[in-house]
Amino acid sequence: TTEVRPAIRRATEGEAPIIKIRVAPESLRFVSYCFFWLMCIFAIIMSKIFVTPALAAGPSTPGDTCGPFNRDSPDFGVNLGEGFDFATQSHLQE
């Protein structure tokens, strides 16, 4: 337990009120792990819903070579300024 006293003492008899805070490290660790894995699951779901279709559709301006469409690897099936399949044609798969 951690005892924290207020910075300013009250003008009362006896001791000033003490704020007691109990910290359970294992509970905090468990909650942190749960939120970490929830964040990972959320990122995977958002990637499948939004990122994969956007990359497959290609750039909004035809032929634009900005960002992820700036790759030219015809042997891998990815052409400059065209969309690609995130699961099989990502630069991580290359």
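Guide: One definition to begin with: a charge sits over a ring if NZ of Lys or CZ of Arg is within 6 Å of the ring centre and within 35 degrees of the ring normal.
Visitor: Which residue lies over the face of Phe 84?
Guide: Arg 71 does, at 5.1 Å from the ring centre of Phe 84.
Visitor: Before we go on, what kind of model is this?
Guide: The model is predicted; local features need pLDDT of at least 70, side-chain atom pairs count only at pLDDT 80 or more, and totals for chains, interfaces and linings use all residues. Residues are numbered from 1 along each chain as its sequence is written, and side-chain values use heavy atoms, with hydrogens and water left out.
Visitor: How many helices and strands does the protein have?
Guide: There are two helices and two strands, and from the N terminus their order is β-β-α-α. Both kinds of element are DSSP runs, numbered from the N terminus: helices are H or I with at least four residues, strands are E with at least two.
Visitor: What share of the residues is buried?
Guide: Of the 94 residues, 14% count as buried. Buried means under 20% relative accessible area, exposed over 50%, and partly exposed in between, with a 1.4 Å probe and protein chains only.
Visitor: Back to rings. How many aromatic pairs are there?
Guide: A search of the whole structure gives two aromatic pairs. Rings of Phe, Tyr and Trp (its six-membered ring) pair if their centres lie within 6.5 Å; planes under 30 degrees apart are stacked, over 60 edge-to-face, and the rest tilted.
Visitor: What about Phe 69 and Phe 84?
Guide: Their ring centres are 6.3 Å apart and their planes are at 65°, so they too form an edge-to-face pair. Phe 69 and Phe 84 both belong to the loop between α1 (25-57) and α2 (86-89), and they are 15 residues apart.
Visitor: Buried or exposed, those two?
Guide: Phe 69 is buried, with a relative accessible area of 10%, and Phe 84 is buried as well, at 6%.
Visitor: Where do Arg 29 and Glu 26 lie?
Guide: Both are in helix α1, three residues apart, which is about one turn of the helix. Arg 29 is partly exposed, at 41% relative accessible area, while Glu 26 counts as exposed, at 53%.
Visitor: And Ala 57, where does that one lie?
Guide: Ala 57 also lies in helix α1 and is exposed, with a relative accessible area of 64%.
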